[in-house]
Amino acid sequence: MEHQIRTYRPEDLSNLTEFLNANLDYDSLSKSLLKEKLEGDPDWEPEKALICHDGEKIIGFMQGVIRDIRGTKYGYIKLMAVGKSYRRQGIARALYEELEGCFISDNVDVVRIYDVPKNYFMPGIDPRYTEAVCFAIRMGFKRFGDATNLIVDLNESVWDTAREEKSLKIHGIEIKRAEVHEKQNVIDFVKDEWALWTHEIGMAFNDDPPSIHIAHLHARLPRHGGQASRQGKIKAFSAHNGNNKGTGWFGPMGTHPELRGKGIGSILLKRCLKDIKLMGQKRAIIPWIDHIDFYVHHANARVDRVFWRYEKLLK
Ligand SMILES: CC(C)(COP(=O)(O)OP(=O)(O)OC[C@H]1O[C@@H](n2cnc3c(N)ncnc32)[C@H](O)[C@@H]1OP(=O)(O)O)[C@@H](O)C(=O)NCCC(=O)NCCS
């Protein structure tokens, strides 16, 4: 078959949403969520969002993005699907070869699939998409790790933290929802240690009120015993709705090393879970986790989806 490939145009959004929903068996996207993945990407390049079509009909799609991360240039397949009745005809191969050609001209070092920091749909290939696993192997990718999403049943608790917050306050630690004017302070706090998270934090600040909670450490005034100064320093934060908006997506969160082990993270986590519940979700997703024991202990999180991560070195 002769493949016709062209780049994405804004007027494709409805048809592309329908196409992806029909051809991704374990996922669904709304139009606004797809728009977040495409135009909402901080490195969005429409010329790397490739549509394979048969006349007016979309029969294949592959989106690529490039990120510079600590001196390495990563190219990502961010989304891909081929229409069920058009599979095994070389469409994904044709889309990938075109995308890889763009990556090579852009001097990309390594290509990965789906696990795009800052804004991603899923953090790797869900291996139940068995054809995608075969495709990755065939295109020369090697599996290098896993990523796990946890799930929390929000009906299990009211996620109240008032008592714990009161006891931290005595030690000068105040936990509160971040206010709009504090955005730069939060970004300054994360940018040294967790620079890749600033985009999600910015997205969470777009909500009204912001989907961000923070811990301030107030310096004690030496002569006045327990009285705290008004201006505190941000020492921890948690966010939600910073990626995959509207799906109950938690994270990122971080506590300064000096203040770990005091229960701050647990409160910040629960505050976000309470927000997600109030937004009408029954379950929260804790994606691409590192510290499974923390989430299991504090929120009875359970392992949900597991993703396989693949990469291909271009140099
Ligand atoms: C994965 C997917 C995009 C492949 O699209 P496709 O157009 O059928 O792929 P191609 O025909 O270009 O196949 C390229 C190579 O991938 C491998 N492959 C693809 N489908 C395969 C299958 N069902 N079984 C075995 N190998 C397969 C083959 O090696 C193939 O090369 P070959 O035909 O020369 O042997 C398609 O199956 C799909 O849309 N799946 C659902 C969506 C999805 O999985 N998205 C990714 C989610 S993480």
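1. Asn241 sits in the loop between E9 and E10. The model is a predicted one, and this residue deserves a look. Phi of Asn241 is near 60°, a positive value in a residue other than glycine. Most residues other than glycine have a negative phi. Asn241 is also buried: 24 other C-beta atoms lie within 10 Å. The cut-off for that label is 20 or more.

2. The next residue to check is Gly242. It is found in the loop between strand E9 (228–240) and strand E10 (250–255). Is Gly242 buried or exposed? Gly242 is buried, because 25 other C-beta atoms fall within 10 Å and the threshold is 20. Leaving out residues up to four places away in sequence, Gly242 touches Glu200, Ile201, Met203, Ala204 and Ser211. Gly242 and Pro209 are 33 residues apart in sequence, and their C-alpha atoms are 13 Å apart in space.

3. Pro209 brings up the peptide bonds. The bond from Asp208 to Pro209 is cis, with omega near 0°. Pro209 lies in the loop between helix H7 (198–205) and strand E8 (212–220). A cis bond also runs from Gly251 to Pro252, again with omega near 0°. Pro252 is placed in strand E10. Most peptide bonds are trans. I would list both cis bonds by name, Asp208 to Pro209 and Gly251 to Pro252.

4. Trp159 belongs in the backbone list too. Its phi is positive, about 60°, although Trp159 is not a glycine. Trp159 is found in the loop between strand E6 (142–153) and helix H5 (162–169). With 20 other C-beta atoms within 10 Å, Trp159 is buried.

5. Now the overall layout. The protein chain is divided into domain 1 (4–140) and domain 2 (152–306). The C-alpha centres of domain 1 and domain 2 lie 32 Å apart. Their contact takes ten residues from domain 1 and ten residues from domain 2. On the domain 1 side, the residues touching domain 2 are six nonpolar, one polar and three charged.

6. The cores come next. In soluble globular proteins, nonpolar side chains tend to be buried together. The largest nonpolar core has 47 residues. Which of its residues touch the most other members? They are Phe61, Met62, Leu95, Tyr114 and Ile125. The elements giving two or more residues to this core are helix H1 (13–23), strand E2 (49–54), strand E3 (57–69), E4, H3, strand E5 (110–113), H4 and strand E12 (302–313). A second, separate core holds 36 residues, including Val186, Met203, Ala236 and Tyr295.

7. Residues up to four places away in sequence aside, Met62 touches Leu50, Ile77, Met80, Leu95, Tyr96 and Leu99. Met62 and Leu95 are both among the residues of the largest core that touch the most other members.

8. Helix H1 has two sides. Its buried residues are Leu16, Phe19, Leu20 and Asn23. Seen down the axis of H1, these fall within an arc of 95°, so they line one face of the helix. Ser14 and Ala22, on the other side of H1, are exposed. Helix H2 (31–37), E3 and E4 are among the elements that cover the buried residues of H1.

9. The ligand is surrounded by 21 residues, and the closest are Arg87, Ala92, Tyr129, Glu131 and Cys134. Strand E4 (72–82), helix H3 (91–105) and helix H4 (130–138) each supply at least two residues of the shell. Which element gives the most? H4 does, with five residues. By class, the shell divides into twelve nonpolar, three polar and six charged residues.

10. Arg128 is exposed, because 11 other C-beta atoms lie within 10 Å and the limit for exposed is 12 or fewer. Arg128 and Asp25 are 103 residues apart in sequence, yet 9.2 Å apart in space, C-alpha to C-alpha.

Terms used. Residues are numbered from 1 along each chain as its sequence is written. This is a predicted model: local features need pLDDT of at least 70, side-chain atom pairs count only at pLDDT 80 or more; totals for chains, interfaces and linings use all residues. A residue is near a molecule or strand if its C-beta atom, placed from the backbone, lies within 6 Å of it. Helices (H or I, at least four residues) and strands (E, at least two) are DSSP runs, numbered from the N terminus. Ala, Val, Leu, Ile, Met, Phe, Trp, Tyr, Cys and Pro count as nonpolar, Asp, Glu, Lys and Arg as charged, and the others, Gly among them, as polar. Domain bounds come from an automatic or database domain assignment. Two residues are in contact if their C-beta atoms, placed from the backbone, lie within 7 Å. A nonpolar core is a set of buried Ala, Val, Leu, Ile, Met, Phe, Trp, Tyr and Cys residues joined through C-beta atoms within 7 Å. The arc is that of the directions from the helix axis to the C-beta atoms.
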